[in-house]
Amino acid sequence: MQFGIFSVGDVTPDPTTGRTPTEHERIKAMVAIARKAEEVGLDVFATGEHHNPPFVPSSPTTMLGYIAAQTDRLILSTSTTLITTNDPVKIAEDFAMLQHLADGRVDLMMGRGNTGPVYPWFGKDIRQGIPLAIENYALLHQLWREEVVDWQGRFRTPLQSFTSTPRPLDDVPPFVWHGSIRSPEIAEQAAYYGDGFFANNIFWPKEHFQKLIGLYRERFAHYGHGTPEQAIVGLGGQVFMRKNSQDAVREFRPYFDNAPVYGHGPSLEEFTEQTPLTVGSPQEVIEKTLGFRETFGDYQRQLFLMDHAGLPLKTVLEQLDLLGEEVVPVLRQEFAKGRPAGVPEGPTHAALVAARDAAGTNEKEEVAK
Amino acid sequence: MTAFKLAAVSAGLSKPSSTRLLADRLAEATVRRLGEEGREAEVAVIELRDLAVDIANNFVTGFPAAALREAIGTVTEADAVIAVTPIFTASYSGLFKSFFDVIDHDALTGKPVLIAATGGTARHSLALEHAVRPLFSYLRAVVLPTAVYAATDDWGTAGDALTDGLPGRIERAAGELAGLLAGHGPVAEAAVPEQVVPFAEQLAALRV
């Protein structure tokens with residue numbers, strides 16, 4: 001089981017001081033947060049991709065490459081990479097390059113984004129959102145697995161005898177997650193390829209994601225990748241902690257009340273009751289997070305949203321200390337208990353290489369027989 | 001045979017409310033008319049006033065809180081809906097519109113809907129035709145021909161030689177709804193499983 005954080009990369013005024021960080025400060029803060037994640041023993045840092053203010057991370061592989069150089073263990077990922085508006089050829093190249101530089105500590109999450117206007121900025125038609133996600137990913141999948149590609153599709157110019165360079169590290173492509181908030185088509189896509197499925201699990205009640213994950217698990221088995229329990233599931237989560245529950249609530253309330261996404265709506269109490277958001281002591285966070293397994297089954301990756309809504313960097317780093325020191329060690333222990341033997345661990349490059357080699361050996365044995 | 005499920009939605013704000021009263025009268029008349037055909041019906045009344053904050057929150061968060069989710073379920077799973085709004089500023093009330101705004105736009109497809117409204121004067125009765133009916137037409141609901149408007153005066157008069165009184169209009173609308181329901185029977189209760197297009201078909205659809 002892997003634990004980490006994911007960042008939207010929003011530049012939001014701190015509602016308690018009215019101060020807005022500069023883009024430069026925010027970008028550097030994201031790097032500091034990623035380094036801290038490694039320092040406190042987390043496994044994954046994932047960045048969003050956005051192309052409009054007030055968000056800064058428009059160039060994820062640049063940022064992740066820079067972080068790769070400053071870390072040794074952390075898996076670098078995205079949340080999400082826009083499969084609709086990025087050219088799949090460029091995604092194939094950028095992430096293969098990053099994979100080499102980071103010695104395999106790379107995976108990525110495909111998403112369609114939540115900003116309609118982004119489509120025309122990259123010459124795409126928003127009405128084709130789902131077909132773009134399907135065709136582009138089919139090409140990306142092929143580019144990473146076949147050295148020479150001849151390809152023709154509906155949304156980009158054809159490719160003839162094209163080789164995407166560099167080739168993936170050890171000829172094993174980065175692991176891919178598919179993120180979706182509401183589309184069964186994307187759960188179906190993830191299941192078809194045997195890829196991971198990530199439910200952001202933040203803004204909606206859990207029943208909503210339970211349905212999508214249930215569908216993904218069922219179709220994963222349908223396509224012969226294993227049992228439903230062996231499907232690769234990732235979940236988001238959102239927490240704010242202090243030793244004392246009341247302190248956490250008091251400190252986080254102004255950030256919640258003014259948060260760009262859900263601020264000025266329901267109260268903090270209503271929202272924590274209705275969604276996976278937890279504001280309280282590390283123990284409360286542990287209990288709520290362990291509850292995810294009851295709802296969704298044993299899963300592979302838990303990412304927390306920690307740096308948003310204008311929280312100052314200092315506070316976020318303190319949150320990561322709490323997460324790394326008091327929460328994640330207990331979660332690792334508890335999630336390991338009663339975890340059935342057949343349930344896979346979180347995906348790593350080393351494990352994918354080993355699985356590929358094992359499959360190769362089996363094939364040779366088959367031939368020898 | 002299973003009883004029909006009727007959902008009566010009232011956007012009335014005061015308590016007691018004439019909008020709620022009209023919803024109740026329409027529901028009672030419909031149940032009675034169905035009874036005459038030997039059919040049973042259960043009525044669930046939804047007072048949007050009680051859900052006003054949840055509805056506003058749904059706009060902000062993108063999902064319904066528990067009470068609102070239950071109300072939406074009651075409406076979308078009903079065999080027919082009786083939708084009653086006060087007329088505010090020449091149209092349906094904002095609360096009424098907002099409730100239907102947070103329901104999936106295809107969740108009422110094919111559902112019989114009896115529309116009705118209340119207002120201070122009969123001069124706004126056509127708001128039912130120029131505002132409420134198009135709303136449900138957009139949602140592809142089956143809107144009954146008779147829409148019932150009750151002005152303050154209507155509650156005290158029995159109509160005249162040229163116009164039906166309010167009780168007459170309620171009877172006519174309830175008769176239409178009961179007739180439509182009795183004609184096709186209650187809808188199945190089974191939950192609809194998620195529809196999946198097999199991935200190979202999705203890929204094939206893109207082949208040039």
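Student: In this predicted model, in which sense do strand E9 (residues 196-199) and E10(A) of chain A pair?

Tutor: The two strands are joined over 3 bridges. Within this pair, Phe197(A) stands opposite Val233(A) of E10(A). The sense of the pairing of E9 and E10(A) is parallel.

Student: Which residue in E12(A) is the bridge partner of Gln238(A)?

Tutor: Strand E12 (residues 301-305) of chain A runs parallel to E10(A), and 5 bridges join them. The bridge partner of Gln238(A) in E12(A) is Leu305(A).

Student: Which residue in E11(A) is the bridge partner of Met241(A)?

Tutor: E10(A) is also joined to strand E11 (residues 278-280) of chain A, in parallel, by 3 bridges. In E11(A), Met241(A) has as its bridge partner Gly280(A).

Student: How many of the residues of strand E10 (residues 233-241) of chain A are buried?

Tutor: In a regular strand, side chains alternate between the two faces of the sheet. Val233(A), Leu235(A), Gly237(A), Val239(A) and Met241(A) point one way, Gly234(A), Gly236(A), Gln238(A) and Phe240(A) the other, and all are buried. Strand E10 is therefore largely enclosed by the rest of the structure, the buried count being 9 of the 9 residues.

Student: Which helix supplies the largest share of the side of chain A that touches chain B?

Tutor: In the interface, 25 residues of chain A are in contact with 13 residues of chain B. Helix H5 (129-145), helix H6 (184-193), helix H7 (206-222) and helix H9 (268-274) of chain A each supply at least two residues of the side that touches chain B. The largest share, 5 residues, comes from H6(A).

Technical notes. Residues are numbered from 1 along each chain as its sequence is written. Chains are lettered from A and ligands numbered from 1 in the order in which they are written. This is a predicted model: local features need pLDDT of at least 70, side-chain atom pairs count only at pLDDT 80 or more; totals for chains, interfaces and linings use all residues. Two residues are in contact if their C-beta atoms, placed from the backbone, lie within 7 Å. Helices (H or I, at least four residues) and strands (E, at least two) are DSSP runs, numbered from the N terminus. A residue is buried if 20 or more other C-beta atoms lie within 10 Å of its own, exposed if 12 or fewer, and partly exposed in between; C-beta atoms are placed from the backbone. Two strands pair if DSSP finds at least two bridges between them.
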